[in-house]
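Me: I would like to go through the terms used for this model one at a time. For each, set the value against the rule and say what follows.

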Amino acid sequence: MATKNVMIVGVGGQGTLLASKLLGKMLITKGYDVKVSEVHGMSQRGGNVVTYVRYGEHVYSPIIDKGEADIILSFELLEAARWTEYLKKDGVIITNSQQINPMPVITGAMEYPEDLVGKIKAKGINIDAFDALSLAEEAGSSKAVNLVLMGKISKLFDFTEEAWLEAIEQSVPEKFIEMNKKAFHLGRNA
Amino acid sequence: MKKLMLGNEAVARGLYEAGCSFVSSYPGTPSTEISEAAAKYPEIYAEWAPNEKVAMESAFGASFAGKRSFCGMKHVGMNVAADPLFTIGYTGVNGGMIIGVADDPGMHSSQNEQDSRHYAIAAKIPMIEPSDSKEALEFTKLAYEISEEFDTPVIMKMVTRVAHSQSIVETGDRVVPDAKPYEKNIQKYVMMPGNAIKRHPIVEERTKALTQYAEVTPLNRVEDGKDTSMGIITSSTSYQYVKEVAGDKYPVLKLGLVNPLPVDMIKKFAAAVGKVIVVEELDGIIETHCKNIGVNVQGKELFGYCGEFSQNYIAEKLGIAIEAGPKLDENIPVRPPIMCAGCPHRGIFYTLKKNKVTVLGDIGCYTLGAVAPLNAIEYSICMGASVSGIHGFNKANEGASDNKTVAVIGDSTFIHSGVTGLINIAYNGSNSTVIILDNSITGMTGHQQNPTTGFNLKGDPCSKIDLEALCRSIGINRVRVIDPYDLKECDEVLKEELAAEEPSVIISRRPCALLKYVKHPGAISCDADKCVGCKSCMQIGCPAISIVDKKAVIDNTLCTGCGVCTQLCKVGALGK
């Protein structure tokens, strides 16, 4: 099979690394070759972050380039808009509708663009925006946004919910397992 | 067993499997996780050294004692460790020794884009370069064999995209080689002129032997391609991009031993193809070598020297069309990294800006004090350069600048190489003020312990430097400690120390807001009835504060309740 590409984008501190680790862990169980590329260091401090998950028979490059992403999973609306060029022709964007103001907006130098979902749709892009933050809060913590989003895209993969939950158990600290499982479940049914 | 592993973790796994028993490193993105992962193996002694020079010398000491050792650093750390590097190239090793260095093409988290391969050439030390995690593990094990067979340290070179990408590795068992007993050998290890003169020809002979090895080592390989009109010579992550674009179309010479480079192998490869392209990030090291041995290649004229490559970049240069996705017409605001909500550095930078102080900065999270709206830092060069730089700045200005300049430096960076600059300030007497931003951790690289925190790399309690006592013992009589959350105190102490007619140190002490043990009072809120929309609270660039409909709004998922903004509000709108 051709290499499949999932980009996970968001704002430093939102938990994109755990999401990519979880997905990588699931894909390797199916016998795929998998590469996951992460960002560490300075970019993590509230800057935009992107991790790449690639899988297939043999994956060479660890990164995803323009026009290659089958799925862009975005943790924040502006970040979904930032990466549209990376989407493949029939690719899909799944995004949290939450808005986090970047510094140029905070300082008033720029405005947070309005109706980004509409503008992305107008470009013929398949985008699914939903409020992952509220579901995370419902699960017990705003920090569980990553698991809500993983739940949402889990439907696009051929794994059972049980397999996902097992991977979550192995990936998060014990005291947060139940909350994360709940967040995942809420996302999967959103 | 097959596992998904970060490139850096795979190096650590290689160290473990090869029986490495000593690791000494200084953290630096993208190299940090090698040593963190190594520390998780109980069989490996692993430590954070105060800087890369100490790390390399300590690792060499362990090799001298007969054990397999490792030291890790980022590319600029190699500059700090360059002194021992060049001489241990002469002495060679007892137990095998690997020097891990991670370059950062594209400068994801670095101040320059230097190519570490120059060090391997200059120090005449073999360098190995993996292209994914599998190779990182295998090459690490092989590096120890090369080190011991050829009596040399070996440099393992990573780049961000290999260090910070996970791919599948095959793990094996740990095999500890027989210990090499320490034997006194003055001619080999005491590098005074009489002995070093005899060692240099041995190094030259070693390079010849390693060049012969480069012709046959499994580290270098030719992959066949159907279309021989062109052949590609490449290494590291560039190899992956080439294969992504061209697959099996063109023959590829994939180099894993990048110093010394093979000669006959390259000539033979070139003879079997039409034109030869060299794909390498940063400098044209392989290209220059090819030209030196009379092989005509194209390299930097196509690909350039700056930034990191990608599959599309390679494709474009090879004339293959790329189809990008749709771009929005909207101007998307950039999202640069910023100081976190509750960051203890914020109050100090606000105070410095307010007092119109010229700030010489250093390397760490606090370099972000240079960005809007604080725009407080005017200089940032390398680890420790703030403290040495302010001394020169103030001396050169003959007393005209000393009451309006400060150096700012973090706790870890101060111990790394700021303390020597402070000794210079005291010894040669400049009227300089140094602010140590003591957040009780090495922040930017992801919370590593250091000699000021009281904990070591393994997480065990250990001795802790008393910064106040250290500064006094150097000869700084004025040492003040402030809480950066207290703006009034910051302002008063800063003014006093700038006015003082002697060197001074201000220790701004408050642990990093992201440390797990730090308890936050909880988010504050804005009373919209009281808020007059004056934007005083916006001066500190806190990501938790925004203005909505001309009123301040606090994001309670980000706000830690540090209270810095409440001290700026003139109408008492911000608070619990």
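**Terms and values**

Me: Why is B:Arg199 called buried?

Reply: B:Arg199 has a relative accessible area of 9%. The model is a predicted one. Buried means under 20%, so B:Arg199 is classed as buried.

Me: What makes the pair B:Asp151 and B:Arg199 a salt bridge?

Reply: The side chains of B:Asp151 and B:Arg199 meet at 3.8 Å, N to O. The cut-off is 4 Å between a side-chain nitrogen of Lys or Arg and a carboxyl oxygen of Asp or Glu, so the pair qualifies. It links distant parts of the chain, 48 residues apart: B:Asp151 is in the loop between helix H7 (133-150) and strand E7 (154-159) of chain B, and B:Arg199 is in helix H10 (residues 193-216) of chain B.

Me: Which class does B:Asp151 fall into, buried, partly exposed or exposed?

Reply: B:Asp151 has a relative accessible area of 21%. Buried needs under 20% and exposed needs over 50%, so B:Asp151 is partly exposed.

Me: How do you know that A:Lys181 and A:Glu178 form a salt bridge?

Reply: The closest N and O atoms of A:Lys181 and A:Glu178 are 4.0 Å apart. The rule is within 4 Å, and the pair is counted as a salt bridge. Both residues lie in helix H8 (residues 177-188) of chain A, 3 residues apart, about one turn of the helix.

Me: What makes B:Lys291 and B:Glu287 a salt bridge, and where do they lie?

Reply: Their closest N and O atoms are 2.8 Å apart. The limit is 4 Å, so B:Lys291 and B:Glu287 form a salt bridge. Both lie in helix H13 of chain B, 4 residues apart, about one turn of the helix.

Me: Which of these two partners is buried and which is partly exposed?

Reply: B:Glu287, at 8%, counts as buried. B:Lys291 has a relative accessible area of 42%, which lies between the 20% and 50% limits, so B:Lys291 is partly exposed. The buried residues of helix H13 (residues 285-292) of chain B are B:Ile285, B:Ile286, B:Glu287, B:His289 and B:Cys290. Just after H13(B), B:Gly294 takes a positive phi of about 85°.

Me: Why is B:Ser430 called buried, and what does its side chain meet?

Reply: B:Ser430 has a relative accessible area of 3%, and the limit is 20%, so B:Ser430 is buried. It is found in the loop between helix H18 (411-427) and strand E18 (433-438) of chain B. The side chains of B:Ser430 and B:His391 are joined by a polar contact of 2.8 Å, against a cut-off of 3.5 Å. Leaving aside neighbours within four places in sequence, B:Ser430 is in contact with B:His391, B:Lys395, B:Ile425 and B:Pro503.

Me: Why do strands E3 and E12 of chain B count as edges?

Reply: The open sheet has 7 strands in the order E3-E2-E4-E5-E7-E6-E12 (chain B), with mixed pairing. Strand E3 (45-48) and strand E12 (257-259) each have a single partner strand, so one side of each is left without a neighbour in the sheet.

Me: How do you know that strands E4 and E5 of chain B pair?

Reply: Strand E4 (residues 69-74) and strand E5 (residues 97-103) of chain B share 6 bridges in the parallel sense. Pairing needs at least two bridges, so the two strands pair. In E5(B), B:Ile99 is the bridge partner of B:Cys71.

Me: What makes strand E2 of chain A a partner of E8(B)?

Reply: Strand E2 (residues 33-37) of chain A is joined to E8(B) by 2 bridges, and they run antiparallel. A:Ser37 stands opposite B:Ser165 in E8(B).

Me: How do you know that A:Lys119 and B:Glu330 form a salt bridge?

Reply: Their closest N and O atoms are 2.7 Å apart, and the limit is 4 Å, so the pair is a salt bridge. The count between chain B and chain A is 6 salt bridges.

Conventions
Residues numbered from 1 in each chain as written. Chains lettered and ligands numbered in written order. Predicted model: local features only at pLDDT ≥ 70, side-chain atom pairs only at ≥ 80, totals over all residues. Heavy atoms only, no water. Buried < 20%, exposed > 50% of the residue type's maximum accessible area, 1.4 Å probe, protein only. Polar contact = N/O pair within 3.5 Å; in protein donor to acceptor, adjacent residues only side chain to side chain. Contact = heavy atoms within 4.5 Å.
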